[in-house]
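Colleague: Please put the model on screen. I will ask, and you answer briefly.

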Amino acid sequence: MNLPNKLTIFRIILIPFFILILAAPIFSGGVVIAGTAISNARWIATVIFVVASLTDFLDGQIARRNHLVTNFGKFADPLADKMLVMTAFIFLVELGNVPAWVIAIIVCRELAVTGLRLIIVENNGAVIAAAWPGKIKTTTQMLAIILLFLNNVFFAAIHLPLDQIMLYICLFFTIYSGIDYFVKNRSVFADSF
């Protein structure tokens, strides 16, 4: 088990802690910054999410730099990202920070691409690593989630809803990267119809 794979597993292990912090009522207190209330749960969850997001960046960098790319990593890294991001988005819907239709589109894209990856593995045994549009999608999703959990607290004074702007940027890249993934792998369906 190499270091990038350990970081991926660590990211997966952080998810239950992220859920517990957001779901446990003992973290309900909070502070007000720039007229915006932020609960303790949001602060702690944001820190956990940032740490998990950094492991995503680090495991990829280390794997490529040290030639430690493995089939496990190509499979588990995007799966860990999806689990983390979907968990965060579902909580943000519950908290009333994002519209459910946006998250429904994001979840459908993630399920569709995961299904396509499984078909590709079944057909030729190859595990497909994430392409650049997918990496941009993941980065914009993670930035949007961080800003949304912080409830735009750092930009409220200038009345710039950066959290909402980033949400729709990540929605665009989610859709774009999904289409890109299916177009580039359309040959998988050539004999299916």
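Modeller: Buried means under 20% relative accessible area, exposed over 50%, and partly exposed in between, with a 1.4 Å probe and protein chains only. This is a predicted model, where local features need pLDDT of at least 70, side-chain atom pairs count only at pLDDT 80 or more, and totals for chains, interfaces and linings use all residues. Residues are numbered from 1 along each chain as its sequence is written, and side-chain values use heavy atoms, with hydrogens and water left out.

Colleague: How is the aromatic pair of Phe18 and Phe49 classed?

Modeller: Rings of Phe, Tyr and Trp (its six-membered ring) pair if their centres lie within 6.5 Å; planes under 30 degrees apart are stacked, over 60 edge-to-face, the rest tilted. The count by this rule is five aromatic pairs. For Phe18 and Phe49 the centres are 6.0 Å apart and the planes make 45°, so by the cut-offs the pair is tilted.

Colleague: Which helices hold Phe18 and Phe49?

Modeller: Helices (H or I, at least four residues) and strands (E, at least two) are DSSP runs, numbered from the N terminus. Phe18 and Phe49 are both buried. The pair ties together parts 31 residues apart in sequence, because Phe18 lies in helix H1 and Phe49 in helix H2.

Colleague: Which residues form one aromatic cluster?

Modeller: Start from the pair just discussed. One aromatic cluster takes in Phe18, Phe49 and Phe149.

Colleague: Which residue forms a salt bridge with Arg11?

Modeller: A salt bridge needs a side-chain nitrogen of Lys or Arg within 4 Å of a carboxyl oxygen of Asp or Glu. The whole structure has eight. In one of them, the closest N and O atoms are 3.6 Å apart, and the partner of Arg11 is Asp56.

Colleague: What does Thr8 touch?

Modeller: Thr8 lies in helix H1 (residues 3-23). At 2% relative accessibility, Thr8 is buried. With contact meaning heavy atoms within 4.5 Å, and leaving out residues up to four places away in sequence, Thr8 touches Asp59, Ala76, Asp77 and Ala80.

Colleague: Which helix holds Lys137?

Modeller: Glu110 and Lys137 meet in a salt bridge at 3.0 Å, N to O. Both are buried. The two are 27 residues apart, with Glu110 in helix H4 and Lys137 in helix H5.

Colleague: Which element gives the largest share of the nonpolar patch?

Modeller: Patch residues have over 30% relative accessible area and no salt bridge; like charges are joined within 9 Å, nonpolar side chains (Val, Leu, Ile, Met, Phe, Trp, Tyr) within 5 Å. Areas come from the Shrake-Rupley method with a 1.4 Å probe. Here Trp101, Ile105, Tyr168, Ile175, Ile179 and Val183 make about 540 Å². The largest share, four residues, comes from H6.
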